[in-house]
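Please look through the report below with the sequence and the 3D view side by side. It moves from the overall layout to the ligands, and then to a few local features.

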Amino acid sequence: MRMPSIKFQSGDTVMGRWPGSSLFYEVKVLSYDAKNQLYTVIYKDGTELELREADMKNPTGFKPSRRSRSRSPSRRRSRSRSPARTTRRSSSRTVSGTFIAETHNARKEPKLEEVLEVRLVPVAKPIENNINNKHEKTEENDTANKVNEKPAEVEPEKKVVESRYNLRRRKDDGDAKPAEQTEEAEQKPAVARAPITTELEFGGRLGVFCMTLLLPVTVLGLMVVCSQEDASLMSSPPLPGLDSLWDLQVFGMVVLWLIFQALLYVLPVGKVVEGMPLKNGERLKYRMNTLYAFVLTVAALGAAAHHKMDLGYIHSHFLQLAVSSLLCSVLLSVYLYVRSRWATQDMLAPGGNSGSVIYDFFMGSELNPRIKGFDLKYFCELRPGLIGWLVINAAMALAEMQLHHLDYPSPAMILVNCFHLLYVLDAYWHEEGVLSYMDITHDGFGFMLAFGDLMWVPFTFSLQAYYLVHHPIHLSLPWIVGIITLNVIGFSIFRKANSQKNAFRRNPSDPTLSHLKTIPTATGKSLLVSGLWGLVRHPNYLGDLIMALAWSLPCGFTHILPYFYVIYLSILLVHREARDEAQCRRKYGSAWDDYCREVPYRIIPRVY
Ligand SMILES: NC(=O)C1=CN([C@@H]2O[C@H](COP(=O)(O)OP(=O)(O)OC[C@H]3O[C@@H](n4cnc5c(N)ncnc54)[C@H](OP(=O)(O)O)[C@@H]3O)[C@@H](O)[C@H]2O)C=CC1
Ligand SMILES: CC(C)=CCC[C@@H](C)[C@H]1CC=C2C3=C(CC[C@@]21C)[C@@]1(C)CC[C@H](O)C(C)(C)[C@@H]1CC3
């Protein structure tokens with residue numbers, strides 16, 4: 001079906017102005033956003049941008065640039081340049097494809113520089129330390145594109161450009177295709193059309209259906225096996241009776257826990273920050289108060305323990321707590337699915353709008369579902385599950401002491417508790433960084449995340465502590481030192497990688513990062529290409545995996561069950577890496593390929 005009365009139609013090949021320049025390239029119209037009156041177009045190098053009608057023209061009246069036709073993008077790159085020239089060019093990235101000069105007001109061909117350089121951001125000065133650096137490539141390899149951005153100068157130009165052209169990157173639209181225009185939508189242009197998810201993940205409908213059933217069973221199965229003396233995954237423990245799975249009072253406790261955490265979430269303490277830009281350019285506001293929530297929870301539990309509340313309740317009702325959490329996550333997911341039917345296009349995640357009930361229920365249709373200012377996904381991601389995990393760990397330490405008549409928890413239990421505590425507190429300390437993680441910026445909120453946050457995280461991440469209650473381990477001092485060292489290494493890589501990326505995204509000219517080399521991309525953003533981000537393409541995943549191993553080692557080698565977390569994380573991060581890779585390739589086009597050539601390993605240096 002054709003678009004409403006607009007000049008260009010989806011599929012048309014037209015000339016689109018390259019932002020910030022008077023240069024036009026051949027682009028293909030992908031879709032039209034009636035609400036914002038923007039066309040989504042794709043350049044020949046795969047770069048997707050949104051353009052206004054005024055910046056698009058019919059191909060007639062243009063003449064091809066002879067020079068550009070005669071030089072392929074790769075040939076252009078292979079010209080030799082002096083460092084000075086390298087610097088000037090380094091702020092720009094050419095869009096491969098046919099470059100065409102506008103003929104009506106500029107009859108003569110643009111100068112070579114104009115042809116070759118589309119300036120997205122200006123550069124202040126050369127980065128000397130890039131030269132002779134081990135990552136410095138020959139021009140064949142596009143060395144010239146490495147810059148350090150200087151926002152002091154970049155911002156004004158960028159803002160002007162952004163007000164004339166919509167430079168929002170199409171980061172969320174990777175796996176979505178525009179829906180056919182319906183008559184209803186034509187009559188109501190204010191209501192945006194929903195993008196249809198065509199590329200289904202996790203094995204499509206059947207895959208997510210199986211996962212919806214199997215994941216909860218897996219959690220419960222692991223918990224049951226973990227409590228057995230023979231915690232072998234090959235063992236067949238007795239099936240738990242209904243009364244050991246369900247208790248209304250326990251369900252009430254879980255609901256109370258969620259309400260308590262929700263109250264802490266709305267406390268007007270902590271600064272309010274803006275999240276990443278949404279599709280419509282808006283930024284949602286988030287209050288950063290997870291650390292307060294954690295401290296107040298500890299204080300509340302301390303007070304409750306003082307009044308004779310027994311934390312051992314958690315250990316003795318572990319399965320019932322898990323089942324109640326599962327029920328809460330199912331109810332929440334149903335609510336999320338139902339409310340997503342009323343969401344507008346701006347509010348939808350690209351991955352959860354296939355039209356299949358089970359698939360959309362699992363993946364989540366809405367990106368940031370909110371009730372007034374209460375962000376359901378952000379709340380669940382960081383609070384009830386993560387704090388719950390730590391509370392369960394503490395309860396397991398107490399249970400261990402009670403069961404084995406100890407004055408203190410065992411060294412293994414202390415290590416596991418401390419490592420997990422560090423991990424969660426680190427997330428809270430760097431709470432702002434979480435706003436840029438994939439779950440918040442890209443994934444919809446559906447069963448996968450609701451279940452992940454409310455059941456998977458607290459009840460599988462705490463399995464090591466649960467295991468130690470029933471399977472005491474003696475750790476020698478060198479072993480303890482070795483495990484701590486491994487965790488410190490993993491944590492340092494994880495933290496440094498995440499902090500560097502977050503700092504760079506916030507302020508690309510951050511002086512602490514000036515020694516790092518970068519590759520600019522057509523979106524105006526650059527990619528870090530040295531330091532940890534030059535070692536592998538996902539150093540933060542590497543650090544996370546090393547830590548995961550350090551968390552399992554205190555449980556010894558008798559059973560594989562305490563290693564479940566490393567196994568899960570490896571699978572999740574490898575899959576996540578592939579998803580992110582696909583998204584980045586769509587977002588950054590040839591710049592991403594350059595990055596992959598420069599940094600060939602994904603997570604593990606020299607192996608993967
Ligand atoms: N414990 C657990 O169960 C789990 C933990 N995690 C952890 O959560 C954290 C967040 O993970 P996740 O959101 O998946 O991914 P990342 O934080 O790694 O974010 C990926 C994004 O970073 C940007 N990016 C990629 N390469 C570069 C580069 N070279 N320079 C600058 N920016 C780059 C891109 O976004 P853009 O360019 O748009 O900014 C890309 O889409 C990780 O530390 C991970 O280990 C994740 C899942 C589960
Ligand atoms: C298939 C299945 C079980 C999916 C659920 C996945 C979720 C459990 C994870 C997806 C990404 C997560 C992150 C964290 C917890 C696990 C989930 C929700 C995280 C909050 C843990 C603490 C970290 O410091 C973190 C903030 C980096 C991390 C973010 C991603």
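## Layout of the chain

The domain bounds used here come from an automatic or database domain assignment. On that basis the chain is divided into domain 1 (12-59), domain 2 (205-473) and domain 3 (475-607), and the C-alpha centres of domain 1 and domain 3 lie 35 Å apart.

This is a predicted model, in which local features need pLDDT of at least 70 and side-chain atom pairs count only at pLDDT 80 or more, while totals for chains, interfaces and linings use all residues. Residues are numbered from 1 along each chain as its sequence is written, chains are lettered from A and ligands numbered from 1 in the order in which they are written, and side-chain values use heavy atoms, with hydrogens and water left out.

## The surroundings of ligand 1

A residue is near a molecule if one of its heavy atoms lies within 4 Å of it, and 28 residues surround ligand 1 in this way, the closest being R505, Y541, D544, D580 and Y588. Helices (H or I, at least four residues) and strands (E, at least two) are DSSP runs, numbered from the N terminus. Of these elements, α20 (477-506), β15 (526-528), α22 (539-552) and α23 each supply at least two residues of the shell around ligand 1, and the largest share, 10 residues, comes from α23. The shell also draws at least three residues from each of domain 2 (205-473) and domain 3 (475-607).

If Ala, Val, Leu, Ile, Met, Phe, Trp, Tyr, Cys and Pro count as nonpolar, Asp, Glu, Lys and Arg as charged, and the others, Gly among them, as polar, then the shell around ligand 1 divides into 17 nonpolar, 3 polar and 8 charged residues. Some of its residues make a polar contact, a pair of N or O atoms within 3.5 Å (within protein, one must be able to donate a hydrogen and the other to accept it, and residues adjacent in sequence count only if both atoms are side-chain atoms). A polar side-chain atom of D580 lies 2.6 Å from an oxygen atom of ligand 1, an N or O atom in the side chain of N540 is 2.8 Å from an oxygen atom of ligand 1, and a polar side-chain atom of Y595 lies 3.0 Å from a nitrogen atom of ligand 1. The protein covers 92% of the 930 Å² of accessible area that ligand 1 has on its own, where accessible areas come from the Shrake-Rupley method with a 1.4 Å probe and, for residues, only the protein chains shown count as cover.

## The surroundings of ligand 2

Around ligand 2 there are 14 residues, and the closest are A427, Y437, D439, D453 and W456. Taken alone, ligand 2 exposes 630 Å², of which the protein buries 91%.

Three helices, α15 (411-429), α18 (447-460) and α23 (564-588), each supply at least two residues of this shell, and α18 gives the most, with 5 residues. By class, the shell around ligand 2 has 9 nonpolar, 1 polar and 4 charged residues.

## Covered elements

Buried means under 20% relative accessible area, exposed means over 50%, and partly exposed lies in between (1.4 Å probe, protein chains only). Helix α19 (residues 463-470) is mostly covered, with 7 of its 8 residues buried; among them are Y466, Y467 and L468.

Which residues of strand β4 (residues 48-51) are buried on each of its faces? In a regular strand the side chains alternate between the two faces of the sheet. In β4, E48 and E50 on one side and L49 and L51 on the other are all buried. Strand β3 (residues 38-43) and β4 pair in the antiparallel sense over 4 bridges, where two strands pair if DSSP finds at least two bridges between them, and the bridge partner of I42 in β4 is E48.

## Residues in loops

D346 lies in the loop between α11 (318-340) and α12 (357-363), and D346 counts as buried because its relative accessibility is 14%. The side chains of D346 and N280 are joined by a polar contact of 3.2 Å.

F202 is found in the loop between β9 (196-197) and α7 (204-227) and counts as partly exposed because its relative accessibility is 21%. K372, in the loop between β12 (370-371) and β13 (374-375), is exposed, with a relative accessible area of 82%.
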